[in-house]
Amino acid sequence: MHAYIHIPFCHRICPYCSFYKHTPGGTDMKAFIQAILLEAERRASELPSRQLKTLYLGGGTPSMLSRTHLETLFTGLRSHFDLSQLEELTFEANPATFDEKKARFFVDQGVTRISLGIQSFDDEILQTLGREHSRAEAIESVKILHAIGMPEINIDLMFSIPKQSLASWRDTLETAISLKPHHISAYNLTYEEDTDFFEKFQLGSYQQTDDDNAEMYMLADELLGKAKFQHYETSNYAQSGFQSRHNQSYWAGADYIGLGPSAVSTINGTRWKNLADTAGYIKAIQLNRHAMTEIEELSDDDQRIERIALLLRTTEGLPVNYIHDSSSPFIEELLERNYAELNEHRLVLKNEGRMLVDPIAEKLI
């Protein structure tokens, strides 16, 4: 079993982010941590085995929680789940939210992988994104993690940001590579509803073109490839042996538990989402020990659609049994354009096909 914990708090709300998040405000942090642990206790009691393979704390900004609250959280989780065989414990962090002492504390709590939300090493772009940290602080945060012996470091980057030039993107990539992380995620900015960026995009203040997206995508692929990063998923690159085990479990369709407000769980073909309201989540957990909403049973076709959408993004590719007709004109076109390879077992996208994964998946569905 795999588990995800959503920590929705941020010091500042980034204008591009559509995840459920908010400033701490008047939230009772002690009550929030206890609610997470009450939900964890219930979910653990329902499982045939309490052993977790991976654990991922995301947000929001988990690293902004105090040491006291984090220690309470990790101690409680160990009392409800068996973490003795844990393959990976990922913890999302922002550069402005920890120093060397706190980073050592992360290691002491069993964190094996830090995912740094840096996004850019260009100070002007960071201001556009509403980030709290500077280029210098971002660089220092990576150096701190290396110095304290963090086993795995991921750097999250983003491209096709308003005002971002190809030269700026190149500098961000080269800076990230020079810091020798184990993993780099390079995401194409998408304009999500209910964000400030989306409103500006709708008004025409911000623009994005397929050509610009492709140019920046190919630059990342080129530079990271030369630096020996394996491009193992559309937006993810890893040094050998450092692929994200947690994310790979999602792509493969493994069951997982989601704890915290707005977190999603999928177990035995049933999916549910927790209430996306922190105060409401705490009350619901205190009363019922769950905050489930939007419960659905996934049909075989639902699961097939998800596997197509996710497995096509990986270098392992899509098993041919998910394809209705592997000799269709569309498949033939992909092969002729050198967008994909097909053998008796799998369809694997390559070259420009990897940039077109979403429209290709729609055609196959």
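A salt bridge here is a side-chain nitrogen of Lys or Arg within 4 Å of a carboxyl oxygen of Asp or Glu. By this criterion Glu88, Arg113, Glu152 and Arg245 are linked in a network of salt bridges. The model is predicted, and a search of the whole structure finds 15 salt bridges.

**Exercise 1.** Determine which parts of the chain the salt bridge between Glu88 and Arg245 ties together.

Solution. The closest N and O atoms of Glu88 and Arg245 are 3.5 Å apart, which is within the 4 Å cut-off. Glu88 belongs to strand 3 (residues 88-93) and Arg245 to helix 9 (residues 245-252), so the bridge connects parts that are 157 residues apart in sequence.

**Exercise 2.** Find what Arg245 contributes to a salt bridge with Glu152, and state whether Glu152 is buried or exposed.

Solution. Arg245 and Glu152 approach to 2.8 Å between their closest N and O atoms. Because Arg245 sits in helix 9 and Glu152 in strand 5 (residues 152-159), this pair joins parts 93 residues apart in sequence. Glu152, with 7% relative accessibility, counts as buried.

**Exercise 3.** Locate the partners of the salt bridge between Asp358 and Arg313.

Solution. These side chains, of Asp358 and Arg313, meet at 3.9 Å, N to O. Asp358 is in helix 13 (residues 357-364), while Arg313 is in the loop between helix 11 (300-311) and strand 13 (318-319), 45 residues apart. Asp358 is partly exposed at 48% relative accessibility, but Arg313 is buried at 17%.

Technical notes: Residues numbered from 1 in each chain as written. Predicted model: local features only at pLDDT ≥ 70, side-chain atom pairs only at ≥ 80, totals over all residues. Heavy atoms only, no water. Helix = DSSP H or I, 4+ residues; strand = E, 2+ residues; numbered from the N terminus. Buried < 20%, exposed > 50% of the residue type's maximum accessible area, 1.4 Å probe, protein only.
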